[in-house]
Amino acid sequence: MAKIRAGVLGATGAVGQRFIEQLWDHPWFELTSLAASERSAGKRYSEAARWRLEHDLPAEVADMTVVNVDPKEVKADVVFSALPADEAKKAEAEFAKAGFAVASNASAYRAEPDVPLLIPECNADHLDLVEVQQRKRGWDGYIVTNPNCTTIMFALTLKPLMPMDIQRVIVASMQAVSGAGYEGVPSMAILGNIIPFISGEEEKVEREAQKILGTFDGERIVDAPFAVSASCHRVPVMDGHTMAIWAEMAADPTPEEVREAFLNFNPGLGDLPTEPKRPIIVRDEPDRPQPRLDRNAGKGMAVSVGRIREGIRYIAMGHNTVRGAAGASVLNAEILSKKGML
């Protein structure tokens, strides 16, 4: 089939580079536009951006000319947004109004009642909300968001536990420095240290999980009824967010029953290119998962769990800039394509 034209907004930043990594040579999408700030527009990408990923910058991408974040300049059918939240609020609406499908990693629209907050393995049916969004806003296009990088791994592991009637969840995160961007945390602040505060993070985790695991009633999302309490911390790890999770359930399952629920969780989205074979991988070793060993499981798209104990208590870990950011948006666009929405 003909490939779908794809653009990246905020292409020079850390998440923008992950988008390029995910989209370059993608079987469904063709990378046709790279957009960034005015100071980068008009330059070759290799001149506008300092490439910081392990893989070499593809020569064809290096030679692409960066354009402004403007619907009139971006040549694409779907755009992937890695913009800062304050810029995304205006720009993403302009693109949606102009008829683009916007797959956003930004937080600007996540809490909007008519915008899907999507993890395809958890709530693909929430895409029906797009019709409500277009009707209410008069847009030809639309915005679909992926959750906060911590919320994605956290909520994905809660999905198979929902039939056990979750009552209350407590989560303590240990978040990698890459989640703050390349220059987000000074080395002298984080080396040999833990920072027990990430502005706005706890509120996002507590709010977003309930929306993701809620139900669509035809007009809006009714939040899941369980309570969430979060404590978020920055740790000296390059990539990979780790979470300690306590889940109280009315069914009072055993650790073995929870383990089986994780093992049997297989939403079967339909062989999407970025979809991991197993979205949740169970590690039975007493000291796993670990970021260094497990963050690239499923090409960075799987979430690893372990240490499932009475309580129920367990550890979850995933790659924050792949599953928790760019890869999540690309997977969202793939399910949009499969549903004929692109």
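Visitor: What do the buried residues of α6 pack against?
Guide: This is a predicted model, and in it the buried residues of α6 pack against β6 (142-145), β8 (215-216) and β9 (221-222).

Visitor: Which residues of α6 are the buried ones?
Guide: In helix α6, which covers residues 129-137, they are L129, V130, V132 and Q133. To be called buried, a residue must have under 20% relative accessible area.

Visitor: How do you know that they are on the same side of α6?
Guide: Look at the directions from the helix axis to the C-beta atoms. These residues cover an arc of only 160° around the axis, which puts them on the same side of α6.

Visitor: And which exposed residues does the face turned away from the buried side carry?
Guide: That face of α6 carries E131 and R135. Just after the helix comes G138, with a positive phi of about 70°.

Visitor: What makes D25 count as exposed?
Guide: The label exposed asks for over 50% relative accessible area. D25 has 65% relative accessibility, so D25 counts as exposed. You will find D25 in the loop between α1 (14-23) and β2 (29-36). Its phi is near 65°, a positive value in a residue other than glycine.

Visitor: Why is K299 called exposed?
Guide: The cut-off is again over 50%. At 78% relative accessibility, K299 therefore counts as exposed. K299 sits in the loop between α11 and β13, and phi of K299 is near 55°, a positive value in a residue other than glycine.

Visitor: Why does E206 count as partly exposed?
Guide: Buried means under 20% and exposed means over 50%, with partly exposed in between. E206 has 25% relative accessibility, so E206 counts as partly exposed. This residue lies in helix α9, residues 201-212.

Visitor: Leaving aside its neighbours within four places in sequence, which residues is E206 in contact with?
Guide: With that exclusion, E206 is in contact with V228, S229 and A230. Contact here means heavy atoms within 4.5 Å. Another pair to look at is E206 and A227: they are 21 residues apart in sequence and 7.9 Å apart in space, C-alpha to C-alpha.

Visitor: Where does a cis peptide bond join G311 to the next residue, and what is its omega?
Guide: That bond joins G311 and I312, and omega is about -5°. I312 lies in the loop between β13 (303-309) and β14 (313-318). The peptide bond from R288 to P289 is cis too, with omega near 10°. P289 has its place in the loop between β12 (280-283) and α11 (291-294).

Visitor: How do you find where empty space is left?
Guide: Rolling a probe the size of a water molecule over the atoms shows where empty space is left. Here the count comes to one cavity of 30 Å³ or more.

Visitor: What makes it a cavity, and what is the volume of the largest cavity?
Guide: In a cavity a 1.4 Å probe fits but cannot get out. The largest cavity has a volume of about 30 Å³. The elements giving two or more residues to its lining are β7 (166-175) and β11 (241-249).

Visitor: Which residues line the largest cavity?
Guide: The lining is made of R168, V169, I170, W246, A247 and E248. By kind, the lining residues of the largest cavity divide into four nonpolar, no polar and two charged. Arg and Glu count as charged, while Val, Ile, Trp and Ala count as nonpolar.

Definitions and conventions: Residues numbered from 1 in each chain as written. Predicted model: local features only at pLDDT ≥ 70, side-chain atom pairs only at ≥ 80, totals over all residues. Heavy atoms only, no water. Buried < 20%, exposed > 50% of the residue type's maximum accessible area, 1.4 Å probe, protein only. Helix = DSSP H or I, 4+ residues; strand = E, 2+ residues; numbered from the N terminus. 1 Å grid on protein atoms, 1.4 Å probe; cavity = no way out; pocket = protein on both sides within 12 Å on 5 of 7 lines; lining within 4 Å. Points joined across faces, edges and corners; volume = space filled by probe spheres on them.
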